[in-house]
Amino acid sequence: YEPSEVVCGRFTASTNAELGLEVVAGGLGKAQYAAKTSYLVAHLEGITTLLCAGTAGAMNEELNVGQIVFSSTVVEHDFAGNLKKNREPRFFSDEELLSRFETAASTASLPFATGAVASGDEWIASAERAQERVAQHGVIAAAWEGAAAAKVAKVHDLGFLEVRAIS
């Protein structure tokens with residue numbers, strides 16, 4: 001296929017009309033992703049789904065480098081829990097979209113796992129901290145931008161899915 005480019009303000013999207021795709025690098029961190037994505041959703045026509053894709057860290061030893069993770073839910077694990085006891089922001093993925101991605105991965109014999117993905121600006125660098133996140137939130141992987149993508153999707157009434165490869 002031959003992608004084309006669409007300039008939207010300061011951002012450039014690679015597009016593929018045949019597949020109905022607009023691809024833009026979201027940026028690092030929740031704030032950057034939310035600001036950029038909100039702008040693009042408001043200014044590009046026809047967006048129905050946000051797919052947040054990139055790499056993630058495994059939160060257990062069952063996941064291997066290169067394995068794909070699909071989010072069933074995204075948990076904003078670094079949200080100030082003292083404001084709302086036991087009510088961390090949790091966002092659910094679009095079930096139909098999730099099913100389509102799982103079917104595609106299975107058909108292609110790609111190793112994947114589906115589960116909750118931790119999203120936050122905290123770099124989880126120790127096994128102890130990872131186990132705390134697993135115990136508290138039931139997550140299988142951790143990345144940064146998923147909660148921002150989920151929030152933008154919710155505000156704009158769009159489908160949402162986070163797709164990560166374990167790094």
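β4 (49-58) gives the most to the lining of the second largest pocket, with four residues. The largest share of the lining of the largest pocket, six residues, also comes from β4. This is a predicted model, in which local features need pLDDT of at least 70 and side-chain atom pairs count only at pLDDT 80 or more, while totals for chains, interfaces and linings use all residues. Residues are numbered from 1 along each chain as its sequence is written, and side-chain values use heavy atoms, without hydrogens and water.

**Pockets**
- A pocket is an open set of points on a 1 Å grid where a 1.4 Å probe fits, with protein on both sides within 12 Å along at least five of seven lines; lining residues have an atom within 4 Å of a point.
- The second largest pocket holds about 320 Å³ of space, and among its 20 lining residues Ala56, Gly57, Trp123, Ala142 and Ala143 are closest to the centre.
- The largest pocket holds about 1000 Å³, and of its 36 lining residues Leu21, Glu22, Thr49, Leu50 and Leu51 lie nearest the centre.
- A volume is the space filled by probe spheres set on the points, which are joined across faces, edges and corners.

**Helix α4**
- Helices (H or I, at least four residues) and strands (E, at least two) are DSSP runs, numbered from the N terminus.
- In α4 (residues 146-155), seven of 10 residues are buried, meaning under 20% relative accessible area with a 1.4 Å probe, protein chains only.
- Val152 is one of these buried residues.
- After α4 comes Asp157, with a positive phi near 55 degrees.

Notes. Buried < 20%, exposed > 50% of the residue type's maximum accessible area, 1.4 Å probe, protein only.
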